[in-house]
Structure formats: structure tokens, C-alpha cells
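Please keep the sequence and the model in view while reading.

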Amino acid sequence: MAGMNLVGPEADALDLGAVFRALADEHRRSVMTELAADRSDSERGCNSFNLPISKQTQTHHFRVLREAGLIDEIDYGNRKGIRLRRTDIEKRFPGLLTLLGAESPGGTAPR
């Protein structure tokens, strides 16, 4: 079943302030850390992330990431898929995903 792509900003319109605000939250940053570390860039379900928060709060966090232009959301009606916008992020902010990929699961970069 084909899903409807929920669209974020175009690659050239990604705003560094919006990206930093999205990444300031530990749960959103942990999602981005997982996505950045997975070089396959395959679509994942919202429930595939081990987030200790309610479904409503997860929905909010994924919306913030989408509106910042970091992920695409695909709405299948009864579920949503998440995909990292790696190409757009690397084009606009080179090295950002490398930094996120190097961050440990605990939320801090290795020393």
C-alpha cells in the first residue's frame, strides 16, 4: 500500500536554527543518532525506536524532526514510516550526520 509523503522544507530552505532546536531534545537526537548511524537509509516504523515516551509524544517529536527538514514521514493511515533525508542534510550541512553518528547512545559524543 502506497503511503502519503508528509513534506518538510526543501533542501535549500533547511534552517540551521530549526535543526538545532530539533536536535536539542534528547529523544529527537537519539532518533537522529540511530538514523545517522544506519547507512542503508531504509524506512523505519515509528515504533522501531526505543523511546520511553507515549505515542502522542513520539508523534510530536517526529513532527518536529519533519518540520525541521531532517526526516520524511510516510503516512500509511494506520502507521507512519520514517526516513532520514541524508542527501539533503549533507548538501545543506556537511558533516552534521557524521557528528550525530559518532554520538554514543547515552547522548554524548565520545571523548
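## Confidence in the model

The structure is a predicted model. Its mean pLDDT is 89, and 91% of the residues of the protein reach 70 or more. Confidence is lowest in β1, with a mean of 77, and highest in α1, with a mean of 97. Where pLDDT is low, the predicted coordinates should not be read in detail.

## The sheet

Four strands make up an open sheet, and their order across it is β1-β3-β4-β2. The pairing is antiparallel. Strands β1 (4-6) and β2 (44-45) are the edge strands, as each of them pairs on one side only.

The pairs can be taken in turn across the sheet. Strand β1 is joined by three bridges to β3, which comprises residues 71-75; here leucine 6 stands opposite glutamate 73. Between β3 and β4 there are five bridges, and isoleucine 74 faces glycine 81 of β4. These two strands form a hairpin with four residues between them, and glycine 77 in the turn has a positive phi of about 95°. Finally, two bridges join β2 to β4, with arginine 44 having isoleucine 82 of β4 as its bridge partner.

Which strands does helix α2 touch? Helix α2 (residues 26-37) packs on the sheet and touches β2, β3 and β4 (80-84). The direction of α2 makes about 65° with that of β4. Helix α3 (residues 55-67) lies across β1, β3 and β4, and it runs at about 125° to β3.

## The buried face of helix α1

Helix α1 covers residues 16-23, and its buried residues are Val19, Ala22 and Leu23. Seen down the axis of α1, these buried residues fall within an arc of 95°, so they line one face of the helix.

A side-chain oxygen of aspartate 15 comes to within 3.2 Å of the backbone nitrogen of glycine 17.

## Arginine 85, a buried residue in a loop

Is arginine 85 buried or exposed? Arginine 85 is found in the loop between β4 and α4 (86-92). Its relative accessible area is 8%, which is under the 20% limit, and arginine 85 is therefore classed as buried.

The side chain of arginine 85 reaches two backbone oxygens: that of proline 9 at 2.8 Å and that of glycine 69 at 3.4 Å. Leaving aside residues up to four places away in sequence, arginine 85 touches Gly8, Pro9, Glu10, Ala11, Leu14, Gly69, Leu70, Ile71 and Asp72. Of these contacts, Ile71 and Asp72 belong to the stretch 71-75 that forms β3.

## Cysteine 46 and serine 54

Cysteine 46 is found in the loop between β2 and α3, and serine 54 lies in the loop between β2 and α3 as well. Cysteine 46 has a relative accessibility of 17% and counts as buried. Serine 54, at 38% relative accessibility, counts as partly exposed.

Apart from residues up to four places away in sequence, cysteine 46 touches Gln58, Phe62, Lys80 and Ile82. Among them, Ile82 is the bridge partner of arginine 44. Cysteine 46 and leucine 16 are 30 residues apart in sequence, and their C-alpha atoms are 24 Å apart in space.

The side chain of serine 54 makes a polar contact with the side chain of threonine 57, at 2.9 Å. The C-alpha atoms of serine 54 and aspartate 41 are separated by 25 Å, and these residues are 13 places apart along the chain.

Aspartate 41 is placed in the loop between α2 and β2. This residue is partly exposed, with a relative accessible area of 23%.

What is the phi of aspartate 41 near? Most residues other than glycine have a negative phi. The phi of aspartate 41, in contrast, is near 50°, a positive value in a residue other than glycine.

Key. Residues are numbered from 1 along each chain as its sequence is written. This is a predicted model: local features need pLDDT of at least 70, side-chain atom pairs count only at pLDDT 80 or more; totals for chains, interfaces and linings use all residues. Side-chain values use heavy atoms; hydrogens and water are left out. Two strands pair if DSSP finds at least two bridges between them. Contact means heavy atoms within 4.5 Å. Axes are lines fitted to C-alpha atoms, for helices over the stretch in contact, and angles run from 0 to 180 degrees between N-to-C directions. Buried means under 20% relative accessible area, exposed over 50%, partly exposed in between (1.4 Å probe, protein chains only). The arc is that of the directions from the helix axis to the C-beta atoms. A polar contact is a pair of N or O atoms within 3.5 Å; within protein, one must be able to donate a hydrogen and the other to accept it, and residues adjacent in sequence count only if both atoms are side-chain atoms. pLDDT is the predictor's confidence in each residue, from 0 to 100.
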